[in-house]
Amino acid sequence: MEVKKLIGLSPLFMTVFLYSYSTFMVIPAITDVTMSAICPGEDECSIAIYLTGVQQVLVGLGTLVMMPLIGNLSDKYGRKALLTIPMTLTIIPLAILAYNRTKNYFYAYYALRTITSMLCEGSVQCLALAYVADNIPENRRTSAFGILSGITSTAFVAGNLSARFISTALTFQVSAVGAMIATVYMRVFLPESIADVSISALHSTKGDVNISLLDEDKTSVKIFKTMPSFDDSVSLLRSSVTFWQTAIVAFLVSIGDVALGDSILYYLRSTFHFNKDQFADLMIISGFGGIISQMILMPMLAPVIAEEKLLSIGLFFACAHMFLYSIAWSPWVPYAAAMFNVLSVFAQPALRSIASKQVGPHEQGKAQGCISGLGSFANILSPLVFSPLTALFLSRNPPFHFPGFSIACAGFAVMIAFAKSIMINPAPPGSSSKSSSNCDCVEP
């Protein structure tokens, strides 16, 4: 990895760290806040599980449309301009719970969090991946994506450490302030990664001081044409067998990840009476595993092990740790399962690197947006299945005694992804130099 290029990415790394820190630190606390607002004094609450599921479905519907659009627009107008939108919107719902966490304020947070997430959930990570791809040659992208994920894992650990030692009220206040600082830092210090991004290129003034109404109409039509349609996304998926296989794996992994994320905290609270501090401890262990893997192991292994192999290794351990969670027989077992994260985190950087090599250098936003869009589709489907399943098996009258049944089912989805990942062939040399006509996600 060229040191100068990594140093050049330091403003991006700091932006991702600050943003991720501010959003991750509320995760251990939000379950307690939700339960206190909806089902005070209880360890099991089906309403809270269903509300989380409904939110995931709505967010998935929104981001299914928005993620490809944001990725495509970032290719036209620059990563920095598009990063401003999600980073600013994130501040609003955090500020509500920073002010108050009673029932009415929780529902206000829930509504605004759902709306803002529909517009921009996951877009910061998507745009950050495209930014890295703009600056790093394809033979080094797996390591670079791993380092970016390592930065995210570092923020994950830092955020959960903060949540572990400060009160719930202060957690949301620090989170809101951190989100503001991240946005200001990004606007001031992050340079644009696409050199030829210019508003003048769209307006075609050709030296004229004033822009005519006709020019403005043409610009509006051009902006409208940048919006991706379903056919455009299908065209990109068909452009490469490898991209199609990668997309299937990404979808299945997202199904499992969303199911695990929606179920695990309620499962641990119901089964072992975990609270905010224990959730934070568990996430810190998982985050440290991610840091070790992505900051140390991946840069060492990526040059000597094909990213397709790294993807398979990551998925194997991802389904193994889900299965271990599902059959936890003692409170120490979830902590042991979290240590599998050392190897399971190989999957996402490898997956994104494989996808990035299937398109040209000016289409990275499209590729990452399409993969993220498939993850959003999983956000729609997964809660429809797993939220009722989780509520059923955590209720007082389950069909049979298996509290972690929904998590085991999530593990089976990732197991199928693992089997599919073995079939992915290495990208041919120079594949990323394809012309836009061969792999456009959207119509120019």
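Leaving aside neighbours within four places in sequence, Thr-246 is in contact (heavy atoms within 4.5 Å) with Leu-351, Ile-354, Ala-355 and Ile-424. Thr-246 lies in helix α13, where helices (H or I, at least four residues) and strands (E, at least two) are DSSP runs numbered from the N terminus. At 0% relative accessibility, Thr-246 counts as buried, a class defined by a relative accessible area under 20%, with exposed meaning over 50% and partly exposed the range in between (1.4 Å probe, protein chains only). The structure is a predicted model, in which local features need pLDDT of at least 70 and side-chain atom pairs count only at pLDDT 80 or more, whereas totals for chains, interfaces and linings use all residues. Residues are numbered from 1 along each chain as its sequence is written, and side-chain values use heavy atoms, with hydrogens and water left out.

The secondary structure of the protein consists of 21 helices and zero strands. Of its 444 residues, 54% count as buried, and the accessible surface, calculated by the Shrake-Rupley method with a 1.4 Å probe and, for residues, with only the protein chains shown counting as cover, comes to about 18,700 Å², of which 67% belongs to carbon and sulfur atoms. Among contacts with a separation of 6 or more, 85% are between residues 24 or more positions apart.

Two further residues of helix α13 illustrate such contrasts in setting. Tyr-266, which lies in this helix, is buried, with a relative accessible area of 8%, and, not counting residues up to four places away in sequence, Tyr-266 touches Thr-31, Thr-34, Met-35, Ala-48, Ile-49, Thr-52 and Leu-394. The C-alpha atoms of Tyr-266 and Ala-48 are separated by 8.9 Å, although the two residues are 218 residues apart along the chain. Gly-261 is also found in helix α13 but, at 46% relative accessibility, counts as partly exposed; its C-alpha atom is 9.3 Å from that of Ile-407, a residue 146 residues away in sequence.

Helix α19 (residues 364-393) and helix α20 (residues 405-421) pack at an angle of about 145°, with their axes 8 Å apart; axes here are lines fitted to C-alpha atoms, for helices over the stretch in contact, and angles run from 0 to 180 degrees between N-to-C directions. In this pairing, Phe-386, Leu-389, Thr-390 and Phe-393 of α19 meet Phe-405, Ser-406, Cys-409 and Ala-410 of α20.

A search of the whole structure finds one salt bridge, defined as a side-chain nitrogen of Lys or Arg within 4 Å of a carboxyl oxygen of Asp or Glu. This salt bridge is formed by Arg-79 with Asp-134, the closest N and O atoms being 2.8 Å apart. Arg-79 lies in helix α5 (residues 79-99) and Asp-134 in helix α7 (residues 123-135), so the pair ties together parts that are 55 residues apart in sequence. Arg-79 counts as buried at 1% relative accessibility, whereas Asp-134, at 23%, counts as partly exposed.
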